[in-house]
Amino acid sequence: KKKARESCSLPESSWEERLANAVTPLWRLPYQEQLQVKYESQRKILQTLASRLEELGIDAQKPGGLCCPLQPVVPSPIINGYRNKSTFSVNRGPDGNPKTVGLYVGTGRERNIVCVKANHVENIPSKHKQVAQCYEEFICRSPLDSCILFHEGGHWRELVVRTTSRGHTMAIVTFHPQELGQEALATQKALLKEFFTCGPGAVCALTSLYFQESTMTRCSHEQSPYQLLHGAPHIFEELLGLEFRISPDAFFQVNTAGAQVLYQAVGELCQATGDTILLDICCGTGTIGLSLAHRVSKVIGVEVVEKAVEDAEWNAAFNGISNCEFHTGKAEAVLPQLLASWEGAQPLVAVVNPSRAGLHYRVVRAIRNCRSIRRLLYISCKPEGEAMRNFLELCCPPDPRKKLAGEPFAPVLAIPFDMFPHTVHCELVLLFTR
């Protein structure tokens, strides 16, 4: 955001460059230099964690002031156009067009947002850019306004594009209904379908076209169902020899080739044996658990998105995997119940892959208080954020006031994976044992 604000003083002709600086700030650096930048940032995170643990009275200082050894950043197999999911906004462009489809430069707080076409952004594949361009053409033809501020009216909102290595493309259009009746809504859906199936948008060859009426910034399927206007209800991806079904709002790692490398490493770090039970927390469509199912006796997955769990169950059945069970609900509600009475003799290995918000404290407490869990893999896309709080909760001394009775974990190894080339972000896998 800071880069985006600073670059607003550049000449009018370089909006694309400003967007590239905001969205992919490392795009000018050779790839090996990008990896070095990320290694240094992860090193600082581990130094911070070591210092915070010292404050708790835990001797965590290792060579270099780190809390545990840090391996080099594992590179992404694909550097450009690797994203399998892109979210495009609709807002005022540099030329004043209020129906520009692209990504933001500027911030809402400073009221200097400009929506810039993403044609020159290197991590977005050409198929996504093509669908975004067609969507812009469609809404520019529409007599209905774009919805920039909800209270000011307008209808056309963001576009999500998802693709797979099998050539499948899903487009999801978000629409604010305002005061439109069902007949008027049906007309807009028919026009959108016609444009992408028979009109200029047919060039996109969409596998699935979805429509969601949303009066909120983000709506789940349960809050406002995704309506299939055209094509198949799901797209499919292959990963580590398995086939995965993907619903509109299901989580799937944004870099498919990078995910394969990540999950292979997770499998090795689990050190699972034939009698191990794998606990896959925030499991999404089940990719991690299913890819490791052949190594363990059982997989137990927990996921809040209902449609993702339906996908996970379908994925297990389709791939002939029978030793997996998936539970729908918030991890903080489901996991304590699952583990409260756990007295199994079989070893439990936990893998957690939460959103940037990290794990709820009740989830950490349930993991700490389950003596059978001796090994934990925490996969974080933002380890310097809320995940840091989780790391400290996992490692701090027992605290009866917080009902934290279990033996603390200790970080023993950190491996960063570059799932997001050209950006400053990194996926950090932190192994904890006790």
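User: Where do glutamate 310 and lysine 307 lie?
Analyst: Both are in helix H8, three residues apart, or about one turn of the helix. Helices (H or I, at least four residues) and strands (E, at least two) are DSSP runs, numbered from the N terminus.

User: What should I know about the model and the numbering?
Analyst: It is a predicted model: local features need pLDDT of at least 70, side-chain atom pairs count only at pLDDT 80 or more, and totals for chains, interfaces and linings use all residues. Residues are numbered from 1 along each chain as its sequence is written, and side-chain values use heavy atoms, with hydrogens and water left out.

User: OK. What does glutamate 310 form with lysine 307?
Analyst: A salt bridge, with the closest N and O atoms 3.5 Å apart. The criterion is a side-chain nitrogen of Lys or Arg within 4 Å of a carboxyl oxygen of Asp or Glu.

User: How many salt bridges are in the whole structure?
Analyst: The search finds 16. One of them joins the side chains of aspartate 311 and arginine 245, at 2.9 Å from N to O. Aspartate 311 is in helix H8 (residues 306-318) and arginine 245 in strand E9 (residues 242-246), so this pair ties together parts 66 residues apart in sequence.

User: Is aspartate 311 buried or exposed?
Analyst: Buried, at 0% relative accessibility. Arginine 245 is buried as well, at 12%.

User: Which residue does glutamate 407 form a salt bridge with?
Analyst: Arginine 374, with the closest N and O atoms 3.3 Å apart. Glutamate 407 sits in the loop between helix H11 (386-395) and strand E15 (410-417), and arginine 374 in strand E14 (residues 373-380), so the pair ties together parts 33 residues apart in sequence. Glutamate 407 is partly exposed at 42%, and arginine 374 is partly exposed at 37%.

User: Which residues are linked in a network of salt bridges?
Analyst: Arg166, Glu238 and Glu243.

User: New topic. In what order do the seven strands of the open sheet come?
Analyst: E12-E11-E10-E13-E14-E16-E15, with mixed pairing. Strands pair if DSSP finds at least two bridges between them. The edge strands, E12 (324-328) and E15, each pair on one side only.

User: What sense do E10 and E13 pair in?
Analyst: Strand E10 (residues 277-281) and strand E13 (residues 348-352) pair in the parallel sense, over five bridges. Aspartate 280 has valine 351 in E13 as its bridge partner.

User: Now E5. How many of its residues are buried?
Analyst: Seven of seven, over residues 169-175. Thr169, Ala171, Val173 and Phe175 point one way, while Met170, Ile172 and Thr174 point the other.

User: Why do side chains alternate in a regular strand?
Analyst: I can give the pattern: in a regular strand they alternate between the two faces of the sheet.

User: Which way do E4 and E5 run?
Analyst: Antiparallel: six bridges join E4 (residues 156-163) to E5. Valine 161 has alanine 171 in E5 as its bridge partner. Five residues lie between the strands in this hairpin, and glycine 167 takes a positive phi near 90°.

User: What about E5 and E6?
Analyst: They run parallel, and six bridges join E5 to strand E6 (residues 208-213). Valine 173 stands opposite phenylalanine 211 in E6.

Key:
Buried means under 20% relative accessible area, exposed over 50%, partly exposed in between (1.4 Å probe, protein chains only).
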